[in-house]
Amino acid sequence: MEVALFEPRIPQNTGNIARSCAAFNIPLNLIEPLGFKLEDKYLKRAGLDYWPLVTVNKYKNFEKFLTSKSTKRIISFSKKNGLYLRDFKFKQDDILLFGREDAGLPDSIIDKSDFLISIFMPNIQTGNNDQKGVRSLNLSVACGIGIYEAHKQINFQNGN
């Protein structure tokens, strides 16, 4: 399994995600342009001293990323009407793709993915209710939920 971030903007989120990748021993793919430099102090601080434990791969754009991962399933995460996370079956070589903090994944990127997943949020903001609701989860939180569910499924399937 791998994680990919499409044009991340907030270094602290990417640092937190890198720490999750280190904990689960999975690579982190960063698809440029990034909203920060990899030397950013907030990125480094959020990742703590775990940076040596995570493999970070950078790609100049989505096409280069896609070409390099052509044998793997790309699983996009978005609030845009995907299959609910609980109903999806992950495989060992899947790549979990997450979008920008400010705009998510563009439809053009989702269209090039193999599957679209949404994380159920009972208090989501909709045009049909009078409540304010929540528009979205924080990127690092959504990524953590996705990593955990995929890891749980894969290890359960493998008898661990």
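Leaving aside neighbours within four places in sequence, leucine 28 is in contact with Val3, Leu5, Thr14, Ile17, Ala18, Cys21, Val54, Thr55, Val56 and Asn57. This picture comes from a predicted model, in which Leu28 is also one of the residues touching the most other members of the largest nonpolar core, a set of 29 residues.

**Nonpolar cores**
- Alongside Leu28, the residues of the largest core that touch the most other members are Val3, Phe77, Phe90, Leu96 and Phe98.
- Strand 1 (2-6), helix 1 (11-24), strand 2 (28-31), strand 4, strand 6 (95-98) and helix 5 (139-157) each contribute at least two residues to this core, and helix 5 gives the largest share, with 6 residues.
- A second, separate core has 13 residues, among them Ala4, Tyr59, Phe65 and Leu97.

**Strand pairing**
- Strand 7 (residues 115-118) pairs in the parallel sense with strand 4 (residues 74-77) over 3 bridges, and within this region serine 76 has leucine 116 as its bridge partner.
- Strand 5 (residues 83-84) also runs parallel to strand 7, joined by 2 bridges, with tyrosine 84 standing opposite serine 118.

**Salt bridges**
- The whole structure holds 12 salt bridges.
- Glutamate 63 and lysine 112 meet at 2.5 Å, N to O; because glutamate 63 lies in helix 3 (residues 62-68) and lysine 112 in the loop between helix 4 (107-110) and strand 7, the pair ties together parts that are 49 residues apart in sequence.
- Glutamate 149 forms a salt bridge with lysine 152, with the closest N and O atoms 3.0 Å apart, and both residues lie in helix 5, about one turn of the helix apart.
- Glutamate 149 counts as buried at 15% relative accessibility, whereas lysine 152, at 42%, counts as partly exposed.
- Salt bridges with shared partners join Glu7, Arg9, Arg100 and Asp102 into one network.

Notes:
Residues are numbered from 1 along each chain as its sequence is written. This is a predicted model: local features need pLDDT of at least 70, side-chain atom pairs count only at pLDDT 80 or more; totals for chains, interfaces and linings use all residues. Side-chain values use heavy atoms; hydrogens and water are left out. Two strands pair if DSSP finds at least two bridges between them. Helices (H or I, at least four residues) and strands (E, at least two) are DSSP runs, numbered from the N terminus. A nonpolar core is a set of buried Ala, Val, Leu, Ile, Met, Phe, Trp, Tyr and Cys residues joined through side-chain atoms within 4.5 Å. Buried means under 20% relative accessible area, exposed over 50%, partly exposed in between (1.4 Å probe, protein chains only). Contact means heavy atoms within 4.5 Å. A salt bridge is a side-chain nitrogen of Lys or Arg within 4 Å of a carboxyl oxygen of Asp or Glu.
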